[in-house]
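Reader: I have a model open here and want to talk through the fold. Can you take my questions as they come?

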Amino acid sequence: MEYERERKKLVNALREYNISERTLNAIKKVPRHLFVPSVQIANAYVDHPLPIGYAQTISAPHMVAMMCDLLDLQEGQKILEVGAGSGYNAAVMSEIIGTKGRIYSIERLEKLSVFAQENVKKAGYSNVEIINADGSLGYPEHAPYDRICVTASAPCTPQPLVEQLKPEGTMILPEGKRYQRLYIIKKDIEGNITKEDRGGVIFVPLVGDHGFNMFCGN
Ligand code: SAM
């Protein structure tokens, strides 16, 4: 398989982040070179974010892997991703949840949603659906979701996403403008929410009705 050696090297480099074997196996399988623009193919297996056009990036593999582990993804789950970008994160999640699971990945930029759609198709992930819309509003059509993965930084937690999370569900969300923190948000069986800070991160802004166009009151 093409670029297998590069993928193995990347997986070895990710071991220093204490990533689970399950997630490392997924990273080992996903052909990241199919998710970057052709001028970036030589850098596809470097552990860095890379430009994908339109001032957006494909996240660094260690960040994708850490988010997958924090989400504690399980086979057969229904997942909402906000910020499809290249489609790579969705492909890694697809490897973990298997063919019985389903991923709805929203991208607000039309050209990137076409890019992501083409990439997941090329790489053969048929349980990933890319939707061109404002993901800060979630995707009520298929709610509620077992897991929600937000890959752009919000000014505050978008309420529609909290509402679309299943009881006993988990959401991961970067928040903040210049100083961003990654939060893990859990809903218990009675609908109570807990929010835990998992450290500093750098993401592009979440733009939209519940993104950086809105006033959060804090
Ligand atoms: N997950 C992506 C990947 O694997 O390539 C990386 C995502 S990139 C860091 C963040 C993406 O979020 C960008 O493509 C950006 O256009 C998108 N975005 C920002 N605000 C959004 C919104 N309200 N709804 C959907 N997508 C949004």
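Reader: What order do the strands of the open sheet have?

Author: The order is β5-β4-β3-β6-β7-β8-β9, an open sheet of 7 strands with mixed pairing. Strands are DSSP runs (E, at least two residues) numbered from the N terminus, and two of them pair if DSSP finds at least two bridges between them. This is a predicted model: local features need pLDDT of at least 70, side-chain atom pairs count only at pLDDT 80 or more, and totals for chains, interfaces and linings use all residues. Residues are numbered from 1 along each chain as its sequence is written, and side-chain values use heavy atoms, leaving out hydrogens and water.

Reader: Which are the edge strands?

Author: β5 (128-132) and β9 (193-201), each pairing on one side only.

Reader: How many bridges join β4 to β5?

Author: 5, and the two strands run parallel.

Reader: Which strands does helix α5 lie across?

Author: Helix α5 (residues 110-123) lies across β4 and β5, at about 170 degrees to β5. Helices are DSSP runs too (H or I, at least four residues). Axes are lines fitted to C-alpha atoms, for helices over the stretch in contact, with angles from 0 to 180 degrees between N-to-C directions; contact means heavy atoms within 4.5 Å.

Reader: Switching to cysteines. How many disulfides?

Author: 0, where a disulfide is a pair of cysteine sulfur atoms within 2.5 Å.

Reader: Is Cys149 buried or exposed?

Author: Buried, at 0% relative accessibility; the cut-offs are under 20% relative accessible area for buried, over 50% for exposed and partly exposed in between (1.4 Å probe, protein chains only).
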